[in-house]
Every structure is written in structure tokens, then in C-alpha cells.
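Subject: Two-chain model, handover and notes

Hello,

Here is the model you asked about. My notes follow below it.

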Amino acid sequence: MAMLELNGVETYYGTIQALFGMSLYCAEGRVTTLIGRNGMGKTTTVGSIIGTLACRSGEIRFDGSPINGKPAYQVAQLGIGLVPEGRQIFPNLSVRENLIATAANFSRSDDPWTLERVLEFFPRLCERLNNQGSQLSGGEQQMLAIGRALMLNPRLLILDEATEGLAPLIRQEIWRRLEELKQSGLTILLIDKNIDEFAHIADNHFIVEKGQVVWQGGSSELTSDADLKARYLGI
Amino acid sequence: MNWLPVTVSGRIYALLLLILALAPFIFEWINQPFYLDLLSRALILAIAVVSLNLILGFGGMVSLGHAAYIGIGAYCVGIPSYYDYYNGWLHLALALSVSATFALLTGAICLRTKGVYFIMITMAFSQMVYFTFLSLEEYGADDGLVIYSRSEFPEFISMDGATSLYYWIFALLLAALFFVHRLVHARFGRVIVGSKFNEPRMQALGFNTYRYRLACYVLAAMICSLAGMLLGNFTGFISPDMIGWARSGELVFMVIIGGVGTLFGPLVGTLVFVVLEEVLSAITVYWHLIFGILLVALVLFGKGGIHGWLSLLDRKSKAHD
């Protein structure tokens, strides 16, 4: 069953339409990806899901009940955690504070994420605990952003540009961690450009073009279709 | 002795608190009781500035109407006293509840706006308070209201006498500093500090930032009303002049001089402001001119205020180690 479902979502920035009937779904326990060139509406889709952007028509359902129109904090409390584009770490809080200030158990998990578990998951953050959020490298920021989202104990984790601007070794570590999260049963919606690197952990892909989904399918279909990649992704 | 502050700025602040604690004895010793008056007034303002810094410095809510809560606190002493109710606990309860109610009602509206609109609307509400008291003929209108006797705290510490009032003020200042310190470092405060930088992010993490900011706004108003209550007792006279928006502007300046979003910055900023005001006005009647130039220079060159300079010393001493 689909945990998250978008049906014909249309979102505007002022008078400019950005999403033209976006429809997609995330199956429970699976990794779903949203791919496409820049400016096609991926981040707008994320904003519409989490409630920072208001969608004008269409429907967004989480666990079967509509969530469009709800304020962002209520959507988060339902169990949708976001690792935003550009990390968006609070620079004026320390690493420890970034993790614990907003911690919650929104999915009412019996075995919730704690500070200790996040530090075990990303050991590199241990030595940085008392640094300010502004004093981290890009990779550390991304680990912190993922850790911060996990500390909400979400049921669905959305990663917008999961590895953008990160060095290959760091990217590998992020992918390994996401694979572990998938194995633990977490549902993930992933946005990223390095298709060949994440194809093996992803289950279902949606290609976005000009504010709507133009193709969907599994990893093998995507990676084997050179024409598809050239046409929509410019690779 | 590891309970001693380790940083240079921490030691300076600790020394400052020690001097403030001993001030009545020092002034008596040098036979200058007037200075105790000056210091009492400065510390009362410092309580107001500490509370303004809670919303301005930590929460990013630049209010130009904070003096309204000084006025509310002062009139909560003045008006009951006018009817011969001198019970201090009554004054205290009134000051806290009236300021909290007013802050809740106006804050609920103000906090729906951002930036310059927030500044304007807080100022507008404080001007409403100003003109309300200005029009209350019964309570002296613009002539003000004389308070003939200080708040009475039966079977508790009396406010009578300059020294005991000073210690009331000092104790409430310490309490305000301690409260703000604990609040800001609790999760509540971290959410406030985080919202200042990135509010949408805080919302996407599941926080109704509006409610948090409103709670913070109300708490700051309540602390400020304590300053008003003390000021009413200290001067024995209140007038709408205490509430005008220029007063609120002075409070903002005191925060900036001391260091925005720091614990002791507001206290130091207030002391410097009050002392400068005193010294400069003794030199010339045009002291506002010199004062203005100093303030412009401070804003241009003194990033982080006095606390910013002191933390430079911290870094230097660290480099020596």
C-alpha cells in the first residue's frame, strides 16, 4: 500500500504555475526517487508535500488521509521528516543542539532514534558535538541534517538532493547509511542526480519534466534505457 | 577552583556582579549616596533590557514597544496605591497578570507580521498604552501619578529605604538573568534561537513556531513588568512619559550597546548607557549630540557591542595559552 500519494497536484509561486498535475506514490518500506533536471519541480513537489508551499488543486494523502492544506508543523508531526536541499543546519546552534532541540517520537516507535544512536550511525559527528552548525564541512552537515530528521523518528524520510556537492567517499557513506535505513523498514523519498550510485538501493523511480511525471519504472528499466536518460536527465 | 569562570569576559562579569552586590556599602563608604540612586535606576532598566534581549536578541523579534510593559508594571503599583491598596503581592500579581494578558492579546497579532511591520505594530500598540494613560484624568493624565508609599510585603523583606530597595532590584535582576539563561538553554530556547535563523525549517521539524514565539513574547513582557513595578516604587511617581516609543528605542539601544543575544550584554549595555547619559549631561546641555555620535560609531564599528569586545579578549587569552 502507498504510504504517500500525490494526485494531480498543482502548485503556484504567485501567479506562476510550477506543478502541472504531479502524481506519484511512495510504497511503504521502499525507496522511491524523484529525478529530473533542475527547475522541473522536484523541490516544489517536496515543499507541497511537507506543507511549506500551498498546492492549489489536487490531493496529497499520507496513510490514506489528506494532508494538503495542513501547516508544515502538523505534517511533520504525522511522521514526515525532511533533509532539505542545502542542508539548512541551524548555524547558531551547536551540533548537539541541532540534534536534540527538535527531537520527538512522531511515529511512536518502541525503539526510537536517540542522540547515542545517531552518533553511532554517523560517528564523525561525535567529535563535532560542541561545534556550531556553521563550522561543519558539507558532508558533516549532510550527516547532521539526516540525523536531525531521524531524531524526529519519522515514518517517511524525504531527502532533497541527498548528495549534492559532496565528495565521492562521503557520497558512498551516505548511500550505505540510506541502505541501512531502508533495511530497517523506513520509507524513503529520494531526490538526487547520481542515478548510477543509488539505483541499487532504489525500488521505484519517477522522472519529472515541467512539473509532472513523464516516466515511472524500476531501477533496471531506468539504468538500461540510455535514451530515457539522455532525453529527460541530460546524461 | 573550577566553579570560577574560565574566560576573561566571564571573570569581568563575575567581578561586575560582585561590585553590584557590594555597591551600597561602597557608596556609603565614599559617602556618595546619590550614586546608589543612579545605580538603582540603571539596574531597574537592566531588568527591562534583559527581557527585551530575550525576544530581540535570542528570538529576533525587534520590538519598539517594550517600554509599554514598564508602564503597565508601574501603573499596577500606582493605581492600587491611589485607592490605598499597598499590598506588594497584589501589585506583583497585577503587574504579572496584566502584562501577560496584554502581551498575549497584542503579541498574537504582532507575531503574524515580520521585520519592519513587526517593529511598527509593536510601536503602535505601545503608543495605544501611552495615550490610554495620557487620557486617564483620574490617574493624573500627563501630570502623572504620585505614589506616596512603597509596596508593602508584610512578613517579608521591606522595600523601604534605599538599600533594601536596591537589594530588591538586584535580587530580581539576578533572578531575571538566571531565568533567561535557563530558558534560552532549554529546548524551548533552542527552538526560539533556531526560529530566529530559519523559521520554515523549524516548522518542517514539527514545531508550531508561532506559539513558541508568542510564549517567549509573553514571558519577556512579564519580566519587563517587574522592572516597571520596581520603577514605580523607586521613583514614587509615574507618568505616561515612561511608556513613549522613544523610551522603547532607548531600551533597544541598551541591548545593542551591550551585545545582542548575550546573557550579560544587556546589563553592561544599560550601565554604560545610564552612566554616559549622566556624565555627558553634566558636561553640556547638548549631550544628545555627543551621545548620538557615540551610538552611530558603536553601531558602525562595534559589531557585537561591548560583549563582542570582551569576547575578543577571550580569544586573545586563548591564543596565549
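Start with where the chains meet: 15 residues of chain B are in contact with 20 residues of chain A. Contact means that two C-beta atoms, placed from the backbone, lie within 7 Å. On the chain B side, two elements give two or more residues each: α7 (187–197) and α8 (199–204). α7(B) gives the most, with six residues. By type, the chain B side divides into seven nonpolar, five polar and three charged residues. Here Ala, Val, Leu, Ile, Met, Phe, Trp, Tyr, Cys and Pro count as nonpolar, Asp, Glu, Lys and Arg as charged, and the others, Gly among them, as polar.

Some ground rules. This is a predicted model, in which local features need pLDDT of at least 70, side-chain atom pairs count only at pLDDT 80 or more, and totals for chains, interfaces and linings use all residues. Residues are numbered from 1 along each chain as its sequence is written, while chains are lettered from A and ligands numbered from 1 in the order in which they are written. Helices (H or I, at least four residues) and strands (E, at least two) are DSSP runs, numbered from the N terminus.

**The two chains**

Chain A has nine helices and 11 strands. Its radius of gyration is 17 Å, close to the 18 Å that the globule rule gives for 235 residues, so chain A is as compact as a globular protein of that length. That radius is taken over C-alpha atoms, and the rule is 2.2 Å times the number of residues to the power 0.38. The C-alpha trace of chain A spans about 45 × 40 × 35 Å along its principal axes. Buried residues make up 44% of chain A. Buried means 20 or more other C-beta atoms within 10 Å of the residue's own, with C-beta atoms placed from the backbone; exposed means 12 or fewer, and partly exposed is in between. Of the chain A contacts between residues at least 6 apart in sequence, 68% join residues at least 24 apart.

Chain B has 13 helices and two strands. Its radius of gyration is 20 Å, which agrees with the value near 20 Å for a compact globule of 321 residues. The C-alpha trace of chain B spans about 60 × 55 × 45 Å along its principal axes. In chain B, 45% of the residues count as buried. Residues 24 or more positions apart account for 77% of the chain B contacts with a separation of 6 or more.

**Strands in chain A**

Look at β8(A), residues 156–160. Five of its five residues are buried. Both faces are covered: L156(A), I158(A) and D160(A) on one side, L157(A) and L159(A) on the other. β8(A) pairs in the parallel sense with β7(A), residues 80–83, over four bridges. Strands pair if DSSP finds at least two bridges between them. I80(A) has L156(A) as its bridge partner. β8(A) also pairs with β9(A), residues 187–191, in the parallel sense over five bridges. There, L156(A) stands opposite T187(A).

L156(A) and T187(A) are both among the residues that C26(A) touches. C26(A) lies in β3(A), residues 22–27. C26(A) is buried, with 26 other C-beta atoms within 10 Å. Its C-alpha is 6.6 Å from that of E5(A), 21 residues away in sequence.

T32(A) is another residue that C26(A) touches. The bridge partner of T32(A) in β10(A) is N204(A). β4(A), residues 31–35, and β10(A), residues 204–209, pair in the parallel sense over four bridges. β10(A) then runs antiparallel to β11(A), residues 212–218, with six bridges joining them. F206(A) has Q216(A) as its partner in β11(A). Two residues lie between the strands of this hairpin, and K210(A) takes a positive phi near 50°.

**One helix in chain B**

α2(B) covers residues 33–58 and has 26 residues. It reaches 36 Å from first C-alpha to last, close to the 38 Å expected at 1.5 Å a residue. The expected span is 1.5 Å times one less than the number of residues. α2(B) has a kink of about 30°, centred on L52(B). The bend is the angle between axes fitted to the seven residues ending at a residue and the seven starting there. In α2(B), 19 of the 26 residues are buried, so the helix is largely enclosed by the rest of the structure. G60(B) follows α2(B), with a positive phi near 70°.

Best wishes

Key: Lists of a residue's contacts leave out its neighbours within four places in sequence.
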